[in-house]
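The entries follow in the order I made them.

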Amino acid sequence: MSRKIIRSVNNAIKKSKYGNLIRRNVAYPENRFVIYTRGRTGSTLLTELINCHPDIFCDVEIFNYLYCKSRVMFPNQYIKSCSRRASLLNKPVYGFKVKIAQLRFEHKYKNYDSILKQLSQDGWKFIYLKRTNFLRHKLSNLLAAETQVFHLKKNDDAKFEKIKVNCDVLLEGIKYSEEVERTESDNLKSIPHITVEYEKDLLRDENHQKISDKIFSYLGLESCSVSTDYKRLTGDNLEDVIANYDEVVRFFKNTEYEKYLN
């Protein structure tokens, strides 16, 4: 193969999503982790907390089409390429977020569970981020879709009108979340991991340092002080969010899902 062809191929790779693979002077970080989650679970908040550590570069959702631009045909090579971003930033620890829906539906990996297992076998550590109040989870999705506001900073002065929700849609969302959680748990059954629960670990500011220290320790790092500018879109009282709150209460009263109203 001529040198001209080799240069042409190398230039094409550099411009692709696999560009860092051919950067021989850039090392792969040995300390690597995955945040395995789904949408509206507090992953943006968790990323900001983790990135407070001077040794960590926690990346975006690298399988989100907003970032990868097109379907990733070679996921393992793509992940390796992305991981070198940490070294380019002089960070010894690299992590990225990935949502189950991105693997299953957007990129259509039939063997996505094998991809996860291979990462674990290659030394990647897993952080499973989940949300347990499935009613609020669905409501968060509905509110974001209605307002097109997905995150708020503490200085943002955003006020939302109450939204009317369809009880059947809420129920469908709860049941879907149950199915997804079963799938996520099955995916991680043979993969060592730690669990971060939105309600217990991220909902209240006073718990942020504790969960961050747990993650830092899991990654073999010293503690460092964390902070965030993000705040919740809604308060504790569902009545302040749902216009037809009484209807929702009647719909779920005396069912197994009544617990989510508290």
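**Entry: the cavity**

I listed the residues lining the largest cavity: F63, I79, F96, V98, L103, I115, L116 and L119. The model is predicted, so I noted that local features need pLDDT of at least 70, side-chain atom pairs count only at pLDDT 80 or more, and totals for chains, interfaces and linings use all residues. Residues are numbered from 1 along each chain as its sequence is written, and side-chain values use heavy atoms, with hydrogens and water left out.

I wrote down the terms. On a 1 Å grid over the protein atoms alone, a cavity is a set of points where a 1.4 Å probe fits but cannot get out. A pocket is an open set with protein on both sides within 12 Å along at least five of seven lines. Lining residues have an atom within 4 Å of a point. Grid points are joined across faces, edges and corners, and a volume is the space filled by probe spheres set on the points.

My search of the whole structure found one cavity of 30 Å³ or more. The largest cavity holds about 40 Å³ of space. β3 (93-99) and α6 (112-121) each give its lining at least two residues. The largest share, three residues, comes from α6. Helices (H or I, at least four residues) and strands (E, at least two) are DSSP runs, numbered from the N terminus.

Which classes line this cavity? I found eight nonpolar, no polar and no charged residues. Ala, Val, Leu, Ile, Met, Phe, Trp, Tyr, Cys and Pro count as nonpolar, Asp, Glu, Lys and Arg as charged, and the others, Gly among them, as polar.

I looked up the largest pocket next, with a volume of about 910 Å³. It is lined by 42 residues, and the closest to its centre are R40, G42, S140, F150 and H151. α7 gives the largest share of this lining, seven residues. By class, I noted 15 nonpolar, 14 polar and 13 charged residues in the lining of the largest pocket.

The second largest pocket has about 330 Å³ of space. Of its 17 lining residues, R38, G39, H137, N141 and Y176 are the closest to its centre. α5 (100-106), α7 and α8 each supply at least two residues of this lining. α5 supplies the largest share, six residues.

**Entry: α7 on α8**

I then checked the axes of helix α7 (residues 134-147) and helix α8 (residues 167-187), which come within 8 Å and cross at roughly 115 degrees. That makes α7 roughly perpendicular to α8. Axes are lines fitted to C-alpha atoms, for helices over the stretch in contact, and angles run from 0 to 180 degrees between N-to-C directions. Angles under 35 degrees count as roughly parallel, over 145 as roughly antiparallel, 65 to 115 as roughly perpendicular and the rest as oblique.

On the α7 side, F134, L135, H137, K138, L139 and L142 make the contact. On the α8 side, I listed V169, L170, G173, I174, S177, E178 and E181. Contact means heavy atoms within 4.5 Å. This contact has seven nonpolar, three polar and three charged residues.

**Entry: α8 on α11**

The axes of α8 and helix α11 (residues 245-252) come within 10 Å and cross at roughly 55 degrees. That makes α8 oblique to α11. C167, D168, L170, L171 and I174 of α8 meet E247, V248, F251 and F252 of α11. I counted seven nonpolar, no polar and two charged residues here.
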